[in-house]
Amino acid sequence: MENTIKTAQGQMEKTLGSLKQELVKIRTGRASLSILDDVKIDYYGVPTPLNQVATLNVPEPKMITIHPWEAKIIPEIEKGIQKAGIGLTPSNDGKIVRLPIPSLNEERRKELVKIIKKHAEECRVAMRMVRRDANDGLKEKEDGRQISEDDLKKGQDRVQKVTDEYMKKVDELVAHKEKDIMSV
């Protein structure tokens, strides 16, 4: 019974971690290097993460600078940023690529909040599936006479408590990110 609950808790933790990664990528109007995590550039024919060919900095709240280790890859960096679809337009001076972060308008903020809520709902659905799997596992153990009916009930109650705890964490993450977006 303990294994089933620990497994469910571990799976919910992974699901929550996945949601955190998705939320970090959503632009809030402030410069954050995490929005460049998925940017890959063509470096001598090999798709390479941007942070492996350049130094990334946030010199001010609405600007990201990219200092490539080789100046000749600047056009590739600009192409990679545009292909990534992060909604930023790079500019360069021959040595450094600058990414100005524009302020978000009200319509875009509402759109981002919808995206956040969609990710949160996907996370909740995944957690409900974990709960269902854990409860099914407990039910199988009870059917196989490995645990009693009382243990089954206690186990299901504990699985529900774990699920509620993680659902609350999802709600807190979403509320924090929504506040972040709407207050910029």
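The questions and answers below go through a predicted model of one protein chain.

Residues are numbered from 1 along each chain as its sequence is written. In this predicted model, local features need pLDDT of at least 70, side-chain atom pairs count only at pLDDT 80 or more, totals for chains, interfaces and linings use all residues, and side-chain values use heavy atoms, with hydrogens and water left out.

Colleague: In what order do the elements of the protein chain run from the N terminus on?

Modeller: Helices (H or I, at least four residues) and strands (E, at least two) are DSSP runs, numbered from the N terminus. The protein chain has 4 helices and 6 strands. Their order is α-β-β-β-β-α-β-β-α-α.

Colleague: What radius of gyration does the protein chain have?

Modeller: This radius is taken over C-alpha atoms, and the globule rule is 2.2 Å times the number of residues to the power 0.38. Along the principal axes, the C-alpha atoms fill a box of roughly 70 × 40 × 20 Å. A compact globule of 184 residues would come out near 16 Å, but the protein chain has 22 Å.

Colleague: How far apart are the end C-alpha atoms of helix α4?

Modeller: The expected span of a helix is 1.5 Å times one less than its number of residues. Helix α4 covers residues 149-183, which is 35 residues, so it should span 51 Å; the distance in the model agrees, at 51 Å.

Colleague: Which helices do the buried residues of α4 pack against?

Modeller: Buried means under 20% relative accessible area, exposed over 50%, partly exposed in between (1.4 Å probe, protein chains only). The buried residues of α4 include Leu 152, Val 159, Tyr 166 and Ile 181. Contact means heavy atoms within 4.5 Å. The packing partners are α1 (2-25) and α3 (106-143).

Colleague: Which residue of β4 is the bridge partner of Glu 60?

Modeller: Two strands pair if DSSP finds at least two bridges between them. Strand β3 (residues 54-60) pairs with β4 in the antiparallel sense over 5 bridges, and the two form a hairpin with 2 residues between them. The partner of Glu 60 is Met 63.

Colleague: Which residue in β6 stands opposite Ile 66?

Modeller: Strand β6 (residues 97-100) runs antiparallel to β4, and 4 bridges join them. Opposite Ile 66 stands Val 97.
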